Amino acid sequence: MHANLYLITLVAWLVYGCSDATDSADRGGLDSANNPESVKVNSISVQPASATIDVGRTVQLTATARPKKTTSFTWTSSNGSVATVSFTGLVTAVSAGTVTITAAAGGATGRSTITVRAASVPVASVTVTPNPAAVQVGSTIQLTATPKDANGTPLPGRTITWSTSATGIATVSSSGVVTGVAPGSATITATSEGKSGTSALTVTSPTGGTAVLLAAGDIASCSWSSDEATATLLDGLTGTVATLGDNAYPSGTSSEFTNCYDPTWGRHKARTRPSPGNHEYNTTGATGYYGYFGTTAGPSGRGYYSYNLGDWHIISLNSNVPMSAGSAQEQWLRADLAASTKRCTLAYWHHPRFSSGTTHGNFSAAQPVWQALYDFNADVVLSGHEHNYERFAPQTPTGAADAARGIREFVVGTGGANHYTGHNAIPNSEVFNGSTYGVLKLTLSATSYSWQLLPVAGQSFTDSGTASCH
């Protein structure tokens, strides 16, 4: 009896005991392979590492451990009100915002950044205000575009692009600032997600024939801040902006125009009529300059062009290419002057024909174009290059005083570049200053003009006056 009981017990132990031991070993191995905290993991990567989904949508994340010792992870969301995550890594978007999803195992973690955006409602229409709109030549007006859904509800935060039907009449910036270029009509269009709205624009001549030209040269670099001070002056002034060369230092590259010029004077790009300087040509062909300003810098990359401003004819020349008698530029200038019907004429370029500055001084190569301007009774010439301000009495191409037909020159290298203080007065120099940053404001009337050098905040030097056209 006892022997039989012993035998039964032994058999039961062999059958069930060994089975339990084997099962326990098997479970132990399985658990260690799948329990995220039971093995050592060096790193975890989560794919995709970032994603953007709309509210109500899902995205499946996948985690990979290195070395690959586990396929089981603990998933968590940094903000469940923005997005939740299941035990398999499926993310569900709840509300707009950004959330971090984490996969953990074996003491390591991996992350994915999920951006949740509001469910997209399509744009059904775009309204542009004011409509109709009006602006004077040389002035600006801010237009506003409002995308709307099918119920007419405004949809904020949508991307808007602007265009004009006639760049010769009006230009428009990427933010909807319209600048009057010449009298006439144009249609300004705002487009968002394939839907467009328009404003009928009328550009008129300045009241009483008066226009404003704002000018300076030697302007922008990422290494100084004076260009921001002069740009701030422009912020509070209406009128057409003329740059007198050396717009972006040190080499006029595309990057320098984008990173140095554009954040300051570039705020006024839509109303700017530029001219190039020698620093622009430190880049072969001044491609940074022409690429930034486009057709505003004149046709075919030649760098000289003309336009009318109120009752004045304005000419922008290029002193970095030949100005000699018979050159393409000089012949074009004479033809342009002959075709003009305006009584008053102003021209500008970078290198000054006359200068008392001791860094560069006179630029005799400009004498042939000065001669052409003199032959056609031009009134004013503007230049930069010397980093100072100087005003000359009217004079001939060779520098002789001529109150009757002479051209008055202003050197305005005050846009932001470090000053040149050296001064050795030459004949007909009336005013010189080598320590002021500022912008020259020219008010152009039908038969006369007035000038005023506007200094930046904190500086006091100024110069002003009035004269008649020839």
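**Entry 1: a hairpin and its sheet**

In the hairpin of β17 and β18, which residue takes a positive phi? I found Glu-193, with a phi near 50°. Two residues sit between the strands of this hairpin.

Before going further, I note that this is a predicted model, where local features need pLDDT of at least 70, side-chain atom pairs count only at pLDDT 80 or more, and totals for chains, interfaces and linings use all residues. Residues are numbered from 1 along each chain as its sequence is written, and side-chain values use heavy atoms, with hydrogens and water left out. Helices (H or I, at least four residues) and strands (E, at least two) are DSSP runs, numbered from the N terminus.

I looked up which strands pair, meaning that DSSP finds at least two bridges between them. Strand β17 (residues 184-192) pairs with β14 (residues 161-164) in the antiparallel sense, over four bridges. β17 also pairs with β18 (residues 195-204), again antiparallel, over nine bridges. I followed Thr-191 of β17. Thr-161 stands opposite Thr-191, and in β18 the bridge partner of Thr-191 is Ser-196.

**Entry 2: confidence**

I checked pLDDT, the predictor's confidence in each residue, from 0 to 100. The chain averages 89, and 91% of the residues score at least 70. Over residues 1-34, pLDDT stays under 50. For that stretch the model has eleven contacts (heavy atoms within 4.5 Å) beyond four places in sequence.

**Entry 3: helix α5**

Helix α5 covers residues 328-339. The expected span is 1.5 Å times one less than the number of residues.

Next I looked at burial: buried means under 20% relative accessible area, exposed over 50%, partly exposed in between (1.4 Å probe, protein chains only). In α5, the buried residues are Gln-329, Glu-330, Trp-332, Leu-333, Asp-336 and Leu-337. Seen down the helix axis, they fall within an arc of 160° (taken from the directions from the axis to the C-beta atoms), so they line one face of α5. Ala-328, Ala-338 and Ala-339 are exposed on the other side.

What covers the buried residues of α5? I found β22, β23, β24 and α6 among the elements that do.

**Entry 4: helix α6**

I moved on to α6 (367-375). The buried residues here are Val-369, Trp-370, Ala-372, Leu-373 and Tyr-374. Their cover includes α5, β23, β24, β25 and β27. Just after α6, Asn-377 takes a positive phi of about 65°.

**Entry 5: disulfides**

How many disulfides are there? I used the rule of a pair of cysteine sulfur atoms within 2.5 Å. The count comes to two.

One joins Cys-222 to Cys-260, S to S 1.9 Å. Cys-222 lies in the loop between β19 and α2, and Cys-260 in helix α3, so the pair ties together parts 38 residues apart in sequence. The torsion about the S-S bond of Cys-222 and Cys-260 is about -105°, so this disulfide is left-handed. Cys-222 counts as exposed at 52% relative accessibility, whereas Cys-260 is buried at 7%.

Another joins Cys-344 to Cys-469, S to S 2.1 Å. Cys-344 is in strand β24 and Cys-469 in the segment after β31, 125 residues apart. The torsion about the S-S bond of Cys-344 and Cys-469 is about 115°, so this disulfide is right-handed. Cys-344 is buried at 0%, and Cys-469 counts as buried at 6%.
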